[in-house]
Amino acid sequence: MTTMGKTNEQDMLAIAQSAITVAKSAGAKDASARAYRVRDVSLDYRDGKVEKISESTTRGLNVQLYVDGRFSSVSTSDLRPEALKTFITDSIAVSRAIAPDPFRALPDAELYKGQSSANLQLEDPKYFGVTADEGRKAAKAAHDAARGVKGSDAILSVTSSFSSNLVENWMVTSNGFSGANRGTSFFVSAQVSAKDGDGRRPEEFDYAGSRFWGSVPDISSIGASAAQRTLRRLGAKKGQTEAMTVIVDNRAAGRLLGMLGVALQASSLQQKRSFLEGKLGQQVVSPLISITDDPLVPTAFGSRKFDNEGIAAKPRAVFADGVLKSYYVDTYYGRKLKMEPTSGSISNLSWKLGAKSQKELLAGAKDALLITSFIGGNSNSGTGDFSVGVVGFRVRNGEIAEPLSEMNLSGNHLEFWKKLAALGNDPFPYSAMRSPTLVFENVSVAGT
Amino acid sequence: MAENPGLTRRTVIGAGAAALASVAVSDLLNVSSLLAGTGPTNGVGYFARFGVTEQLIRSTLSSALSKGGDYADVFFQHRVSNNLSLEDGIVNRATANVALGVGVRVLKGDQTGYGFTEDITPDGLKRAALTAAAIAQGPSREGPARFKVMEAKPNRYPVKVRWEDIRPQQKLSVLNGLNEKTFKADPRVKKVNLGFTDQGSVMLVADSTGRIVEDAQPMTTMYLSVVAEQEGRRENNSINRAARADIGYYTADRLDRMVSEVVNKTMVLFDAVQPPAGEMPVVMAAGAAGILLHEAIGHGMEADFNRKNVSIYSDKIGKPVAKPFVSIVDEGTQEGARGALNVDDEGNAVGRTMLVEGGTLTSYLHDSISAKHYGVKPTGNGRRQGYEHVPMPRMRSTYMLPGPHKPDEIVASVKKGIFCELFSNGQVNIGAGDFTFYVKNGYLIEDGKLTKPIKDVNIIGNGPKVLELIDMVGDDLKIDEGGWTCGKDGQMVPVSQGLPTVRVSSITVGGRAEKKG
């Protein structure tokens, strides 16, 4: 329905290049620029009709300036040449007011070399053929499937949605890097709420996505699953406070791993905010955990050939048999810590998987808590203490039993991750964390 | 610019010589307009500099209604923010962000079409309008023939010196002073991080009923975090302050209080324990504990959830939900508060809304869509993160009115429980009503006295149940000055919150569980 706007690919690369030229001529020693353009389409469908359609194409420019040993990072959506020139020139003036920082520098140009030549398959060539109307049909199919499940009389409302995007980046640095990437994604989701006996209106959702429209899994199954997930929540009660076996659903488990991720950042190490500082080479989690940061997984959502500094992306072991093998180190904190940069951000995680499905893991549990989602909570990356709200089910004799709510899971990461007893064979495909189902033993859960 | 009548006629942020001469980033978009001279700018003040005229707005609204929508609005925004960070003793990072764009919304019943663009040209606006128009499929409707500027807009964030007139050196001296004071406060302080932001956001909203209004909304935040070491152990904590204010907000007194609070609340963690797990009475300290209201009732009272019948409060208006001494307010009228607004992002007046009055549920928080659905006046809660997003009902400043009890009496009434002082975040599931908040600092209460400090614990409860269980309310209401940001459907908006000292007779504390049997 919309067109792409007037800028074309050549324009955006030229804008990034001209930002470098302007920055250098205005007195910056070095600069790095990233121009981006994102096209988003989203559609919500609720209770039989379209609720909202939104389409947009947005673009902008980020520039990092290295001026007289000083550093600033600026961004703008106003790409008119004269406005951009004034913006960069004046940003350089502001940079000169702050303190010099000897650790600020562009990455060593050697690190730009060695980009993978693999085809990562991140872009659907048929992207522009997937119209908002196709999205409406998908959302309607998910909606209708949710309304069609057994027990649907209890359903109060179903909202399903379709979203797609095309993200394009053009990056240039003054020490020789030039790169571009494009990626598409498509997601369909359904959210269902139902009336409970006590006035509660529990809601649950399900979703699926892919970089290729043709690979989005069966849409009606998403709607049906969202409805079934919601109906299973009816009658949820608070459970007892106790230490027990906890099984974390693969969709939820990424949240737990994200907490570890903060402590793996070089910035956390350098700022004395990491409980993993000084633990390289040590056993810090269960020996069952082997995780590689793998930026080169075809079609995955976190895949990339270079990171946001331009550093060529390579697979790298983070944990091997429970031993901490590497941190996430960017150029700046690497220089502060005298560590080699790896990459400052997570791409995709590849786990050494277990042999069993979630169903098989549940079947082996006599008495356990299955956590299907987390609510609120936080984690202290400095001490490793964490406490999060949990939503889930009691598991009895291998079967999912009554729904549980209003409970909390608390612990310290350095103890908690050693309690991991099993992993599933089911990496969650719709997030870069790609976590399988995780089973922990003897974990504190607070309820009544 | 001088010959542009819009600038002299009505300016929200004035464009005087001082501003034009300034090197601050916020003026960098004061370039000659691409569209100058395309028509009269009556009613358009600030945005005239970008070539926006009434004529352009009228034609955009006409395109927006060309497929038969019931209503359309345009939302222009120019957002400029500057940030300085201090780490390892020096202000070593400056960031600036400029966003300029416009969103066009079309309503057909309660259906919404939306498009936005950064391309502020007649073509760009028309494209966005036609995208939004497609929500309807019928004959074209008329746009407004003329616009009426909103009268008597309040001035809730008066600013003496605009941020763009503040030289970087002035900000640097505030940051450097704060860093020094924090290190001096205690030798155990090993790391100090500061983040300082000033933001100027100017918006214009005009709609198909002919309303037009502009508002300039300043915001500043200061974040201070500390890492301390004692006998080989480390603890960290942070504090932030935020206001719609100018640099005068950072008085020596306020900065000193920030330092002493964050240092005290870090050092106390060396002696802190995680509380026992399970249900117990909880006393919420006056101030930031307003997070309880935000999660337990505020979100559930946003009328979009109720219109869709998915909130746990959907059938509770007019019903008793709490003790008679419990009254809960959401408003945007506190001068300089982070959650203050002169006008909401749909152009509606912002006042005071009673969510709960004398224990009875009284009103939802409405945007235009929900107000129409319920046949009530909008409450001025239609807010959005920016031009990239549709407005929806959101909180502003949410707090509880003072009650009949004394704070000391409330603590003394608890035999075994916890006292919650500082918080980092919270979340709620709207339908089931379950909500959480994360406690950074607090104390155990034993036999009516605060004893051991506690830390890092999540608390979980159910909104309506917890409202019923609020059985004591202090007379010491305090609105927190923290930089709270509320997220909903991926949109972040600034909010305030407050609370008197309050007792909840029972709620689940996520401490370390003891194995039973």
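These questions and answers walk through a predicted model, in which local features need pLDDT of at least 70 and side-chain atom pairs count only at pLDDT 80 or more, while totals for chains, interfaces and linings use all residues. Residues are numbered from 1 along each chain as its sequence is written, and chains are lettered from A and ligands numbered from 1 in the order in which they are written.

Me: In what order do the 4 strands of the open sheet in chain A lie?
Reply: Strands here are DSSP runs (E, at least two residues), numbered from the N terminus, and two of them pair if DSSP finds at least two bridges between them. The edge strands, each pairing on one side only, are E10 (323–324) and E11 (349–351) of chain A. With antiparallel pairing, the order in chain A is E10-E9-E8-E11.

Me: Which residue in E9(A) is the bridge partner of Ile291(A)?
Reply: Strand E8 (residues 291–293) of chain A runs antiparallel to strand E9 (residues 316–320) of chain A, and 3 bridges join them. In E9(A), the partner of Ile291(A) is Phe319(A).

Me: Which residue in E3(B) is the bridge partner of Glu55(A)?
Reply: Strand E2 (residues 49–67) of chain A pairs with strand E3 (residues 111–117) of chain B over 5 bridges, in the parallel sense. In E3(B), Glu55(A) has as its bridge partner Gly115(B).

Me: Which strand of chain B gives the most to the side that touches chain A?
Reply: Residues are in contact if their C-beta atoms, placed from the backbone, lie within 7 Å. The contact takes 73 residues from chain A and 77 residues from chain B. With 12 residues, the strand of chain B that gives the most is E2 (residues 90–108).

Technical notes:
Contact = placed C-beta atoms within 7 Å.
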